[in-house]
Amino acid sequence: MKTINTKKIRKKLEKQLDAKRYEHTLGVAYTASALAMCNQTDIDRALIAGLLHDCAKCMSNEKKISICKKEDIPITKIEEKNPFLLHAKVGRYLAEKQFHIHDEDILNAILYHNTGRPDMSLLEKIVYVADYIEPGRKHAPDLPGVRSLAFQNLDLALLQILKNTLGYLHDCNAVIDPMTQETYDYYVQSEK
Ligand code: DGI
Ligand code: FE
Ligand code: FE
């Protein structure tokens, strides 16, 4: 992989994210790097995907929607009702256009970091899990257990996080994106 200047990426992100989101971003980037080490896969890719996963998070809903319309990025009915979900799609777009990332695996890790998807790549799993366990995350069921599991069995940690997330969404009567449900169904099935 071409060497990418992560310092430049961090500088830009510091400007376009609020302080709390920037801290979370660094937490995810370093946690993803550690998970990459643990799984003997590319550390730089994990670092970059972690840095960029929430790059569209602090953008207004109006702006996210207007970017999607302008760039022909399809908005589903569920995203229309819950535009915060769009930060993953818009984030993937910005990672390519603003940050010049062309590695499809990194772009997919950003695109699917919120809902997951069936049959995720190792990098996609790493970013998804790192987003949940990073040191700054405070409110999630059994965080110490999931954190420990993540470094022993990434797939089991992924499944646990999917279960917790689906349970939480049901408890709050939140609208569930079909992709979130499909991901859960796929990994629950693969457990059997
Ligand atoms: O951007 P972050 O807060 O770091 O993390 P994220 O992008 O993974 O978003 C996490 C939130 O997204 C969490 O509260 C669960 C929620 N979420 C995940 N899938 C769905 C969802 N919310 C709705 N309404 N529907 C979903 O399918
Ligand atoms: Fe996010
Ligand atoms: Fe995040």
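1. Which residue places a backbone N or O atom 2.7 Å from an oxygen atom of ligand 1? In this predicted model the residue is Asp177, and the pair counts as a polar contact (N or O atoms within 3.5 Å).

2. On its own, ligand 1 has 580 Å² of accessible area (Shrake-Rupley, 1.4 Å probe), of which the protein covers 85%.

3. The shell around ligand 1 holds 17 residues (a heavy atom within 4 Å), and the closest are Lys57, Asn114, Val175, Asp177 and Thr180. By class, this shell divides into six nonpolar, five polar and six charged residues, with α2 and α10 each supplying at least two of its members.

4. Ligand 1 sits in the largest pocket (more than half of its atoms within 2 Å of the grid points). That pocket (an open set on a 1 Å grid, 1.4 Å probe, protein on both sides within 12 Å along at least five of seven lines) contains about 1000 Å³ of space. Of its 33 lining residues (an atom within 4 Å of a point), those closest to the centre are Asn114, Asp131, Tyr132, Arg137 and Tyr168.

5. The lining of the largest pocket comprises 12 nonpolar, 11 polar and 10 charged residues. Helices α2 (19–38), α8 (122–133) and α10 (154–171) each give at least two residues to this lining, and α10 provides the largest share, with five. Helices are DSSP runs (H or I) of at least four residues.

6. Residues are numbered from 1 along each chain, with chains lettered from A and ligands numbered from 1 in written order. Local features need pLDDT of at least 70 and side-chain atom pairs 80 or more, while totals for chains, interfaces and linings use all residues, and side-chain values use heavy atoms without hydrogens or water.

Definitions and conventions. Grid points are joined across faces, edges and corners, and a volume is the space filled by probe spheres set on the points. Ala, Val, Leu, Ile, Met, Phe, Trp, Tyr, Cys and Pro count as nonpolar, Asp, Glu, Lys and Arg as charged, and the others, Gly among them, as polar. A polar contact is a pair of N or O atoms within 3.5 Å; within protein, one must be able to donate a hydrogen and the other to accept it, and residues adjacent in sequence count only if both atoms are side-chain atoms.
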